[in-house]
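Subject: Structure handover

Hello,

Here is the structure for your files. My notes on it follow below.

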Amino acid sequence: HTKLPPTLKAMTLPQVVIVGAGVTGSMLAMLVKDMGLPVNVRVIEKSRGAGGRMATHRYRRGGRRDAPVAGRADLGAQYITTRTSPQHSVLGPIYASLLEAS
């Protein structure tokens, strides 16, 4: 069994591309990696950062990027809800982690 260089190894593994680094995309990337599958996971996001609907907007004095932050506003979803049972084999532990983290 020959050990491949990292660049060649990355080229030979199947690619999983996730579009969107919001809550769902980020969670999916984590789940795929946790499954231990021999794949490369790549998350593509159109915005400047991750978060999607859970993003925070920063208000700056004068609207300039180099100005100090005058305030913050959380935009989008205020909470996450589901109708799936907390005993679900895959989602149950995720819900428990979210509840524990508040």
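**Helix α3 and its two sides**

E100 and A101 are exposed on the other side of α3, away from a buried set: G92, I94 and Y95 are buried in this helix, which spans residues 91-101. Buried means under 20% relative accessible area, exposed over 50%, and partly exposed in between (1.4 Å probe, protein chains only). Helices (H or I, at least four residues) and strands (E, at least two) are DSSP runs, numbered from the N terminus.

**Ground rules**

This is a predicted model: local features need pLDDT of at least 70, side-chain atom pairs count only at pLDDT 80 or more, and totals for chains, interfaces and linings use all residues. Residues are numbered from 1 along each chain as its sequence is written, and side-chain values use heavy atoms, with hydrogens and water left out.

**Overall layout**

The chain has three helices and four strands. Their order from the N terminus is α-β-α-β-β-β-α. The chain holds 102 residues, and buried ones make up 13% of them.

**Salt bridge**

How many salt bridges does the structure hold? There is one. It joins D66 and R64, with the closest N and O atoms 3.1 Å apart. The criterion is a side-chain nitrogen of Lys or Arg within 4 Å of a carboxyl oxygen of Asp or Glu. D66 counts as exposed because its relative accessibility is 63%. R64 has 49%, so R64 counts as partly exposed. In general, side chains of opposite charge can pair when their charged atoms come close.

**Surface patches**

Patches are made of residues with over 30% relative accessible area and no salt bridge; like charges are joined within 9 Å, nonpolar side chains (Val, Leu, Ile, Met, Phe, Trp, Tyr) within 5 Å. Accessible areas come from the Shrake-Rupley method with a 1.4 Å probe; for residues, only the protein chains shown count as cover.

- Nonpolar: V17, V19 and I44 form a surface patch, with about 290 Å² of accessible area together. I44 belongs to strand β2, residues 40-44. I44 counts as partly exposed because its relative accessibility is 43%.
- Positive: R48, R58, R60, R65 and R72 gather in a charged patch on the surface. Lys and Arg count as positive, Asp and Glu as negative; His and the chain ends are not counted. A charge is placed at NZ of Lys, CZ of Arg, CG of Asp or CD of Glu. R48 lies in the loop between β2 and β3 (56-60). Its relative accessible area is 79%, so R48 is exposed.

**Two pairs across the sequence**

G51 is placed in the loop between β2 and β3. G51 is buried because its relative accessible area is 17%. G51 and G25 are 26 residues apart along the chain, and their C-alpha atoms are separated by 9.3 Å.

L31 is in helix α2, residues 23-34. At 24% relative accessibility, L31 counts as partly exposed. L31 and V90 are 59 residues apart in sequence, yet 9.1 Å apart in space, C-alpha to C-alpha.

Regards
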